[in-house]
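The following exercises concern side-chain contacts. Please study the sequence and the model before reading each solution.

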Amino acid sequence: MGTHFDVLGMFIDEVSPQLIDDTLQQYPRVGFKEAFTLTLAKKCQAKPPQGIGTPLADVAWRLIPGLEIPHVCDIIHAAPFES
């Protein structure tokens, strides 16, 4: 829940506005969004298979033009089974 809150802003209504303000005063989010997404994209660029079927692939597809990450649907359909 903490990561969802900190990164995506989910569950923000479950935390008091005062706590949020106090926390941001002590720990400002200077450039967090850009730095975090670039870090995720670089991780995926270094090891594309780690992005398969994860939000890492979404980040990498948007930020790294031409990066080849197999789509999970293609992998499933290419599996060596009849059905």
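Two exercises with worked solutions follow.

The model is predicted, so local features need pLDDT of at least 70 and side-chain atom pairs count only at pLDDT 80 or more, while totals for chains, interfaces and linings use all residues. Residues are numbered from 1 along each chain as its sequence is written, and side-chain values use heavy atoms, with hydrogens and water left out.

**Exercise 1.** Determine how many salt bridges there are, and locate the partners.

Step 1. A salt bridge requires a side-chain nitrogen of Lys or Arg within 4 Å of a carboxyl oxygen of Asp or Glu. Under this rule there is one salt bridge.

Step 2. The partners are D6 and R29, whose closest N and O atoms are 2.9 Å apart. D6 belongs to helix α1 (residues 2–8) and R29 to the loop between α2 (17–26) and α3, so the pair ties together parts 23 residues apart in sequence. Helices here are DSSP runs (H or I, at least four residues), numbered from the N terminus.

Step 3. Relative accessible area (1.4 Å probe, protein chains only) classes a residue as buried under 20%, exposed over 50% and partly exposed in between. D6, at 39%, is partly exposed; R29, at 33%, is partly exposed.

**Exercise 2.** Classify the aromatic pair formed by F32 and F36.

Step 1. Rings of Phe, Tyr and Trp (its six-membered ring) pair if their centres lie within 6.5 Å; planes under 30 degrees apart are stacked, over 60 edge-to-face, and the rest tilted. The count is one aromatic pair.

Step 2. The ring centres of F32 and F36 are 5.2 Å apart and their planes at 20°, so the pair is stacked.

Step 3. Both residues lie in helix α3 (residues 32–46), four residues apart, about one turn of the helix.

Conventions: Helices (H or I, at least four residues) and strands (E, at least two) are DSSP runs, numbered from the N terminus.
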